[in-house]
Amino acid sequence: KISLGMKQTEENPWSVIEAQYPVGSRVKGEVRNITKFGIFVGLDEGIDGLVHISDISWTEQLKHPSEQFKKGDELEAVVLKIDRENEKFSLGLKQLLPNPWEGIQKTYPVGTEVTGVATSITDFGVFVRLEGGIEGLVYSSELAEERIENPAEHFKEGQEIKSVVVKVDPEEQKISLSIRAIHDKAEKTALKEKAAQESASQATTLGDLIGAKLSKGQDAE
């Protein structure tokens with residue numbers, strides 16, 4: 001038996017892919033396949049790059065990529081990672097835009113009153129879309145002075161909601177909100193004091209670092 005191969009007569013595109021598509025560069029291609037975990041984008045050399053569902057949007061939580069995309073769509077994406085040995089090419093769509101979660105603590109400091117629209121009602125609370133597409137969550141315990149067991153009986157999607165920021169976690173990309181705190185003056189005051197303390201703590205830490213650096217430089221002299 002003699003085994004022959006046709007692809008071996010051509011250069012393997014994976015051998016030069018890192019030079020053609022360096023990490024951070026932008027590429028354009030056509031959607032070739034859509035799965036529950038992402039979309040495959042075809043490039044000129046016959047290589048497919050994967051945009052994982054977590055790299056589609058900074059703010060939107062898609063249940064399935066087919067909600068936004070279909071085969072044949074032309075897309076621009078950013079090269080995130082290349083694994084030449086395993087022939088895997090990772091792309092991102094959300095990286096084309098600034099990350100709205102960067103500096104979120106300055107945009108929405110604890111104690112800030114915000115207005116948004118309810119996007120989803122669950123057993124444990126209400127998701128509220130704020131300016132810039134950021135979603136915050138009002139837990140059931142924060143919907144009213146008395147706990148609401150079934151939020152769907154009191155809120156509906158599209159409803160405008162006023163609330164107060166009670167916690168911001170940029171690493172986990174989560175904002176906790178409270179409707180109850182809107183009417184609780186004591187709690188609003190406590191939240192503002194907490195925000196002021198956190199701000200002072202961060203400033204002190206930065207000041208300590210700068211002071212230590214200057215002191216170290218003087219010692220060296």
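Arg-84 is partly exposed, at 42% relative accessibility (buried means under 20% relative accessible area, exposed over 50%, partly exposed in between; 1.4 Å probe, protein chains only). Its side chain meets that of Glu-18 in a salt bridge, at 3.7 Å from N to O. A salt bridge here is a side-chain nitrogen of Lys or Arg within 4 Å of a carboxyl oxygen of Asp or Glu. Arg-84 sits in the loop between β4 and β5 (88-92) and Glu-18 in helix α1 (residues 17-20), so the pair ties together parts 66 residues apart in sequence. Helices (H or I, at least four residues) and strands (E, at least two) are DSSP runs, numbered from the N terminus. Glu-18 is partly exposed too, at 41%.

The model is predicted: local features need pLDDT of at least 70, side-chain atom pairs count only at pLDDT 80 or more, and totals for chains, interfaces and linings use all residues. Residues are numbered from 1 along each chain as its sequence is written, and side-chain values use heavy atoms, with hydrogens and water left out.

The salt bridge count is 8. Among them, Asp-73 pairs with Lys-70 at 3.2 Å, N to O. Asp-73 is buried, at 17%, whereas Lys-70 is exposed, at 53%. Arg-129 pairs with Glu-135 at 3.4 Å, N to O. Arg-129 is partly exposed, at 29%.

5 strands close into a barrel, in the order β1-β2-β3-β5-β4, with mixed pairing (two strands pair if DSSP finds at least two bridges between them). Strands β1 (residues 26-35) and β4 (residues 74-83) run antiparallel, joined by 5 bridges. Val-27 has Ala-77 of β4 as its bridge partner.
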